[in-house]
Amino acid sequence: MPTGGTGSTVSIEKECHLQKNYGFGLVETEFDMTLGMLGNAVKTQEVGCNDRFDMKINNQRFVGFPKTWKVRGGCTNYQILILFALKQGCDQHTAAAYQTLSNKIAVSFVMLQNYFGFLEREDKWADYADARDDPLREFAKLSFMVHPLIDMYDEVRKRGNIHKYQINFVELGFCDEAHALTRLSVVPKGRQEIDDIVRKMKMAEKFASQFGNTVHLSAGLAFFNPPATLGDFIRKTHVLYEQEVRAKLVVALLRHQMLMQLHQFYYIIKPYSNAVLPEPSDECPEEMRLMIEKSALPDEVKKKLTIFVKVVPFMNGNHHLEDIKYQNNLDRAVIEDVFKSFELVIATFRRPDFVFE
């Protein structure tokens with residue numbers, strides 16, 4: 001359980017009546033409840049599984065994503081709930097992120113159960129540990145689940161993100177954006193803080209001389225923190241005059257280096273294995289181009305596949321969309337459509353184009 005901040009606990013149980021007056025049930029938590037009381041409070045019925053869970057107890061917010069499934073070849077229904085205790089007053093975006101993480105962890109354990117069948121042994125070990133003076137410590141010695149959960153908890157607590165393989169088999173990725181930015185000391189600032197910073201730079205007067213009272217500089221900067229697209233800022237729903245003013249504001253911010261342009265970069269996702277693969281730096285062999293040409297695939301599919309293999313050498317994380325479009329003489333709408341078709345094997349991220357800086 002957490003010691004302040006974001007924490008987690010796990011609840012796994014069969015559809016049966018468990019006594020909570022001994023063993024695990026008597027373990028005290030930091031929420032002024034025993035583990036048994038907490039387990040009973042957050043236990044969900046099967047009809048409530050496979051959906052987002054959100055509950056407040058004693059000014060503490062608990063979120064998760066309970067799941068239910070049947071063991072292969074068996075008749076027992078299992079429920080698994082990875083529960084996160086969040087700080088009071090956290091925003092809905094953060095709560096939704098941890099509900100998603102709860103779902104991802106639960107799915108990964110379901111997949112591992114289907115292949116390794118560890119839950120039956122967990123039941124036996126839990127019964128063995130429950131009779132001991134320190135059941136959680138005894139269970140941790142034998143449990144398949146405890147150590148992976150501890151590792152995930154530590155990663156989220158320290159860095160705000162997770163990227164690992166469960167037993168080199170199931171990939172798990174997650175990022176708590178607000179927490180990660182806090183750890184990096186780049187916490188998003190509000191309008192008042194941005195306004196104070198701008199005043200210290202003497203920039204406010206320069207913008208006032210250019211735009212008069214039509215634009216408040218700190219409000220414009222606050223809109224781009226966190227990042228936003230030019231289209232979202234200018235917005236075609238505004239009157240034409242205001243669109244022009246906003247466009248000029250962006251140009252001025254870029255000119256004075258108060259705004260940084262982010263580009264979309266791409267790379268091919270490697271398969272779920274540790275196999276050593278060649279980097280996608282070479283052009284597609286002519287033999288493969290001919291195979292695509294002579295295949296019985298529809299013309300639209302042939303075209304997309306041809307474009308995709310053409311741009312693969314540029315998808316190593318070093319080329320952004322505009323660069324790929326320019327070097328291959330492609331229309332932006334066409335290449336975006338191709339990337340959309342192959343999105344399952346493409347990873348994207350945004351950053352400034354440091355080459356030109």
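I began with two helices: α12 (residues 286-294) and α13 (residues 299-311) pack at about 170°, their axes 9 Å apart. Helices here are DSSP runs of H or I with at least four residues, strands are runs of E with at least two, and both are numbered from the N terminus. Axes are lines fitted to C-alpha atoms, for helices over the stretch in contact, and angles run from 0 to 180 degrees between N-to-C directions. So α12 is roughly antiparallel to α13 (the term covers angles over 145 degrees).

Before going on, I noted that this is a predicted model, where local features need pLDDT of at least 70, side-chain atom pairs count only at pLDDT 80 or more, and totals for chains, interfaces and linings use all residues. Residues are numbered from 1 along each chain as its sequence is written, and side-chain values use heavy atoms, with hydrogens and water left out.

Which residues meet between α12 and α13? I found M288, I292 and E293 in α12 against K302, L305, T306 and V309 in α13, a contact meaning heavy atoms within 4.5 Å.

Next I turned to R332, which sits in helix α15 (residues 332-341). Leaving aside neighbours within four places in sequence, R332 touches L321, E322 and K325.

Last, I checked N329, in the loop between α14 (321-327) and α15. N329 has a positive phi, near 55°, though it is not glycine.

Key:
Parallel < 35°, antiparallel > 145°, perpendicular 65-115°, else oblique.
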